[in-house]
Amino acid sequence: MAADAEPLEILLHLPLLCEDKNVPYVFVRSKQALGRACGVSRQVVACSVTVNEGSQLKPQIQAIQLEIEKLLTEEVNPKAYPLADPTLTAKILNLVQQALNYKQLRKGANE
């Protein structure tokens, strides 16, 4: 989720849903960067990456998931939403971009 979404309230229901479904989540600083990683020219305030069995990206997804879960458990202020540091943000955006490319490659193979 993008921490610079305006107004932020448009996506504040998502952390509650994620916590209810036991899905790790994190905020990145830039909706523009998130949009670029998703392969669109518009700003994106939220996206998700799902894993399929046998996916080549599964190890990377699981590693980032563990980092996010660690961030969620270490959060010192329970009222603050977790904000990814620049290194984790780069990993997340890279993974989103790889997932998009992987999806496009699989789609092309099925045509």
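The lining of the largest pocket is made of 19 nonpolar residues and three polar ones, with no charged residue. The model is predicted. The pocket itself has a volume of about 560 Å³. Its lining counts 22 residues, and P24, C47, S48, V49 and I68 are the closest to the centre. Helix 3 gives the most, with four residues.

Now the packing. The largest nonpolar core holds 17 residues. Within this core, L34, I64, I68, L88 and I92 touch the most other members. Helix 2 (31–37), helix 3 and helix 4 each give two or more residues to the core. Helix 4 has the largest share, five residues.

Which residues does L34 touch, leaving out those up to four places away in sequence? The partners are M1, A2, V28, V44, V45, A46, C47 and L93.

Another core lies apart from the largest one. This other core has six residues, including M1, C18, Y25 and F27.

| Core | Residues in core | Some members |
|---|---|---|
| Largest nonpolar core | 17 residues | L34, I64, I68, L88, I92 |
| Other core | six residues | M1, C18, Y25, F27 |

Two residues link these topics. I68 is among the residues closest to the pocket centre, and I68 is also one of the core members with the most contacts to other members. M1 belongs to the other core, yet M1 is touched by L34.

Terms used:
Residues are numbered from 1 along each chain as its sequence is written. This is a predicted model: local features need pLDDT of at least 70, side-chain atom pairs count only at pLDDT 80 or more; totals for chains, interfaces and linings use all residues. Side-chain values use heavy atoms; hydrogens and water are left out. On a 1 Å grid over the protein atoms alone, a cavity is a set of points where a 1.4 Å probe fits but cannot get out, and a pocket is an open set with protein on both sides within 12 Å along at least five of seven lines; lining residues have an atom within 4 Å of a point. Grid points are joined across faces, edges and corners, and a volume is the space filled by probe spheres set on the points. Ala, Val, Leu, Ile, Met, Phe, Trp, Tyr, Cys and Pro count as nonpolar, Asp, Glu, Lys and Arg as charged, and the others, Gly among them, as polar. A nonpolar core is a set of buried Ala, Val, Leu, Ile, Met, Phe, Trp, Tyr and Cys residues joined through side-chain atoms within 4.5 Å. Buried means under 20% relative accessible area, exposed over 50%, partly exposed in between (1.4 Å probe, protein chains only). Contact means heavy atoms within 4.5 Å.
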